[in-house]
Amino acid sequence: MSLSELIFSISATPDSGPVGEQNSLKGRVKHSNESSNVTASSASPAIEKKTPAKPQHRLVGFSTGLGGDLVRDALAAIVAPFVAVSFIIMAACEAVVHYGRKIVLRRRATNAYDVSKLRDDVEGKLEVDVFDPTEADYDRLQREYVEAGIPFIIKRKDGKPLTAAKPPAAATEGADFAKDCIRVAPTHYLANFDNLDGIVYHLFPYSMRAYWPIWFLGSYAQGKAHSDLGPHTMNCYYLKKGTKDVIVAPPEVTERLPLLKGLDGVYIPDSEDLTRAYLKDLPYYYHCELTPGAMLVFSNSSCLHQFMNGPDPVDGSYPEALSVRIKHTVTPSFRLWKHMTTDYAMWWRFTGVVVNQILCEPAEDREAKYL
Ligand SMILES: [Fe+2]
């Protein structure tokens, strides 16, 4: 079996050490049809509630570039210093750009409130606004939503999908999705997505993709409520099939949450539990039901988020979602800058991601609760 034919399913025994510290390497590669110890159930209308998981530690597997594969290890050793330096430089550049805009250009979010403090005019669950791509005022969306950390949905009034893009065949044809695992299938950095690219360009005309676009596939209910580590990015999250019940906490709420450090995100422990009990502790948050053909736009770096999968309304199939992440620093998270400049475990994790890309891995499976 060639490297390009391999699809990894990561399974690891939770380490007994404290979260946020480097765990010992207990991961092992499993074929995707093997079961793994999980709590989240598969995407099904009758989702079964199971025992909540204990707080999870970082799951580390061969996909990080470790584990006896000489090619992967050698590549990781070469790539790791560049990844570390890149993150430090990126954090410095983000800070300069952000404070430069604030000080020199006097440019701030033009919404009616200050994102540096909690709003007192709202509480509990807030609905996400929806805009038709042919009628939207993109400048207003930029000023009043993007810069204020408020999520929004782009969806055609006639119900037609925004794009005909579909996931790579290597990740879906004959796929035997590992139960309760997320399949992460990267595309080419410059991949074209008809119509969708134009909408993204109108929203972020001076920004570029931060990573290669990624398809999220698989049979799972939901992962943990988390925000992503890495550089600050805006996530243009297009849903091709299935449904997603989405929670997004705005930056001013997220920054005040005591999140635990995971593999490549910070999260609320036990939040993969389907009751979403943690929501009662949030002063306010956004909620929406994302349907096929629509795109959610939000800051995945500054906003806590959680997606619960549901079956496709037409054929009941698993969700297929495309994530295009745009390098755009708004409502920056100090927590993120700290990790970018000091977190060697995060540098190593992203080294593994880069190695995967260099070796042209078609996809990677992760436990839905992998954070
Ligand atoms: Fe995320």
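A crossing of two helices is called left-handed if the near helix is turned anticlockwise from the far one by less than a right angle, and right-handed if it is turned clockwise. Keep that in mind as you look at these close-ups of a predicted model.

**View 1. Helix α1 packs against helix α7 in a right-handed crossing.** Here α1 (residues 70–103) meets α7 (residues 344–358) at an angle of about 125 degrees, and their axes are 8 Å apart. That angle makes α1 oblique to α7. On the α1 side, look for Arg72, Leu75, Ala76, Val79, Ala80, Val83, Ala84 and Phe87. Their partners in α7 include Trp347, Trp348 and Phe350. Sorted by type, the residues of this contact are 13 nonpolar, two polar and one charged.

**View 2. Helix α1 also crosses helix α6, this time in a left-handed way.** The axes of α1 and α6 (residues 334–342) come within 7 Å and cross at roughly 145 degrees. From α1, the contact uses Phe87, Ile88, Met90, Ala91 and Ala95, while α6 brings Trp337, Met340 and Thr341. This contact has seven nonpolar residues, one polar and no charged.

**View 3. The largest nonpolar core holds 76 residues.** The members that touch the most others are Val200, Cys236, Tyr238, Val248, Met295, Leu296 and Val297.

**View 4. A closer look at Val248 and its contacts.** Leaving aside neighbours within four places in sequence, Val248 is in contact with Pro151, Tyr285, Tyr286, Phe298, Cys303 and His305.

Conventions: Residues numbered from 1 in each chain as written. Predicted model: local features only at pLDDT ≥ 70, side-chain atom pairs only at ≥ 80, totals over all residues. Axes fitted to C-alpha atoms, helices over the stretch in contact; angles between N-to-C directions. Helix = DSSP H or I, 4+ residues; strand = E, 2+ residues; numbered from the N terminus. Parallel < 35°, antiparallel > 145°, perpendicular 65-115°, else oblique. Contact = placed C-beta atoms within 7 Å. Nonpolar A, V, L, I, M, F, W, Y, C, P; charged D, E, K, R; others polar. Core = buried A, V, L, I, M, F, W, Y, C linked by C-beta atoms within 7 Å. Buried ≥ 20, exposed ≤ 12 C-beta atoms within 10 Å, placed from the backbone.
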